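Let's walk through some ring contacts together, one question at a time. Have the coordinates open and follow along.

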Amino acid sequence: MEGIVHTTVEVNGIKMHIAEKGEGPVVLFLHGFPELWYSWRHQILALSSRGYHAVAPDLRGFGDSDAPASVSSYTCLHIVGDLVGLIDSLDVHQVFLVAHDWGALIGWYLCMFRPDRVKAYVCLSVPLLRRNPNVRTVDAMRAMYGDDFYVCRFQKPGEMEAQMAEVGTEYVLKNILTTRKTGPPIFPKGEYGTGFNPDMTNSLPSWLSQDDVAYYVSKFEKTGFRGPLNYYRNINLIWELTAPWSGVKVQVPVKFITGELDMVYTSLNMKEYIHGGGFKEDVPNLEEVIVQKGVAHFNNQETAEEISNYIYEFINKF
């Protein structure tokens with residue numbers, strides 16, 4: 001990780017930790033759950049070596065960034081506010097955006113609320129989630145998959161934190177990062193149990209070293225999972241807050257990349273939405289959709305070089 005500089009910036013009332021390297025146009029990387037700036041370690045090195053200023057924050061609640069105590073401090077408005085503050089602190093008007101998982105969801109809101117700040121968006125795993133004006137998002141998920149769908153199980157403050165503590169931080173992180181199980185993650189009743197990955201083994205995939213796991217564990221041991229889980233606890237509140245943007249089209253140029261084994265791609269009718277015209281309707285400047293064969297959810301780490309090349313090919317056009 002040589003040459004990656006770590007700094008803290010004050011944005012939107014919190015202290016945010018960022019990792020950065022390189023000079024040139026800014027590429028802003030947003031991680032997902034349960035992750036950190038570190039998920040972009042390969043892309044930071046690749047893009048900084050190609051003439052870009054790579055910047056990857058720990059989002060609020062994660063890693064070395066502040067984690068406000070209040071559950072309701074984790075809405076899309078708070079987090080987009082953090083990012084606008086971060087972009088301002090870099091003294092640039094626009095950035096190239098690259099985001100994955102929860103970062104991708106926040107990325108869509110950044111593009112929706114402040115399209116003037118995003119030149120182009122490379123989105124991994126989570127497409128735009130079209131807002132259904134008639135039903136709250138978590139309620140719709142519960143109707144589709146029941147009370148033990150992971151998002152539903154994450155709702156009650158304190159409950160999942162306790163269940164994760166029973167199996168331990170390292171188990172939780174390995175369980176999620178190594179999963180290749182397709183379809184909706186359904187938890188065993190009343191416990192974390194096998195969580196996201198009933199097929200979990202002791203061995204790690206080639207793209208995830210024991211040192212990588214140790215880095216994630218060191219940070220989550222310190223912070224716990226409460227801040228990250230609070231993102232899920234705001235999904236219904238986000239539904240309420242985003243009513244003014246119901247039906248809005250995202251006009252930013254987008255490239256979307258997912259793995260064919262991704263748990264998001266293989267649940268919630270995503271394939272139909274992505275390939276059936278709905279996604280393009282909501283995102284008129286969706287330029288390309290790439291589905292990576294044999295690749296699972298954490299594609300920025302599993303196929304690091306390929307993702308770095310896809311990013312460069314797309315943003316280099318602008």
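Q: Is Y231 buried or exposed?
A: This is a predicted model, so the answer rests on computed values. The cut-off for buried is under 20% relative accessible area. Y231 has a relative accessible area of 0%, so Y231 is buried.

Q: Which residue forms an aromatic pair with Y231?
A: The pair is edge-to-face, with 70° between the planes and 5.4 Å centre to centre.

Q: What is the angle between the planes of Y38 and Y216?
A: The structure holds 34 aromatic pairs, and Y38 with Y216 is one of them, at 5.6 Å centre to centre. Planes over 60 degrees apart count as edge-to-face. This pair is edge-to-face, and the angle is 90°.

Q: Where does Y216 lie?
A: Y216 counts as buried, at 0% relative accessibility. Its partner Y38 is in the loop between strand 3 (26-30) and helix 1 (41-48), and the pair ties together parts 178 residues apart in sequence. Y216 lies in helix 8 (residues 210-223).

Q: Over the ring of which residue does the charged end of R131 sit?
A: A charge over a ring has to be within 6 Å of the ring centre. The charged end of R131 is 4.5 Å from the centre, and the ring is that of W239.

Key
Residues numbered from 1 in each chain as written. Predicted model: local features only at pLDDT ≥ 70, side-chain atom pairs only at ≥ 80, totals over all residues. Heavy atoms only, no water. Phe/Tyr/Trp six-rings, centres within 6.5 Å; stacked < 30°, edge-to-face > 60°. Helix = DSSP H or I, 4+ residues; strand = E, 2+ residues; numbered from the N terminus. Buried < 20%, exposed > 50% of the residue type's maximum accessible area, 1.4 Å probe, protein only. Lys NZ or Arg CZ within 6 Å of the ring centre and 35° of its normal.
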